[in-house]
Amino acid sequence: MKKFSKKAIRSAEVFTDCFILFFAVVFAYYIYGKIIGRPLPGGLFHYCQLGLLSGIIGTLSFYFIGLYHHQASMMNLIETRKIIKTL
């Protein structure tokens with residue numbers, strides 16, 4: 001049961017990271033249109049594709065840098081260092 005919950009948590013983390021990266025690109029498109037008053041060239045569909053690509057690449061980067069393999073550390077310094085390195 002414990003192994004299942006670790007896999008479930010890891011899967012939820014991967015899905016959430018991918019969604020947040022996707023949402024950030026689409027939200028930036030929306031905010032730009034509201035602030036500037038005109039949409040970016042290419043339309044929303046192209047920025048959804050870019051968001052999906054960003055989510056996949058970002059999630060893979062997090063995976064290969066080791067962010068989904070938790071290590072116990074004080075104040076999560078190891079994870080913070082890995083996030084900064086990845087970004």
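**View 1. Lys82 and its contacts in the predicted model.** Leaving aside neighbours within four places in sequence, Lys82 touches Ile65, Gly66, Leu67, His69 and Gln71 in this predicted model. Lys82 belongs to helix H3, residues 77-86. Its side chain is buried but makes no salt bridge. Glu79 is the nearest side chain of opposite charge, and it is 7.3 Å away. A salt bridge would need a nitrogen-to-oxygen distance within 4 Å.

**View 2. Helix H2 and the residue that follows.** H2 covers residues 43-65, 23 residues in total. From first C-alpha to last it reaches 33 Å, close to the 33 Å expected at 1.5 Å a residue. Which residues of H2 are buried? They are Tyr47, Gly51, Gly55, Gly58, Thr59 and Phe62. Just after H2 comes Gly66, with a positive phi of about 95 degrees. Gly66 is also one of the contacts of Lys82.

**View 3. Aromatic rings along helix H1.** The whole structure holds 5 aromatic pairs. In one of them, the ring centres of Phe19 and Phe23 are 6.1 Å apart and the planes meet at 20 degrees, so this pair is stacked. Both residues sit in helix H1 (residues 2-36), 4 residues apart, or about one turn of the helix. Phe23 also stacks with Phe27, at 5.6 Å centre to centre and 20 degrees between the planes. Again the spacing in H1 is 4 residues, about one turn.

View 4. Ring pairs join Phe19, Phe23, Phe27 and Tyr30 into a cluster. Phe23 is partly exposed at 42%. Phe27 is partly exposed at 41%.

Key
Residues numbered from 1 in each chain as written. Predicted model: local features only at pLDDT ≥ 70, side-chain atom pairs only at ≥ 80, totals over all residues. Heavy atoms only, no water. Helix = DSSP H or I, 4+ residues; strand = E, 2+ residues; numbered from the N terminus. Expected span 1.5 Å × (residues − 1). Buried < 20%, exposed > 50% of the residue type's maximum accessible area, 1.4 Å probe, protein only. Lys, Arg positive; Asp, Glu negative; His and termini not counted. Contact = heavy atoms within 4.5 Å. Phe/Tyr/Trp six-rings, centres within 6.5 Å; stacked < 30°, edge-to-face > 60°.
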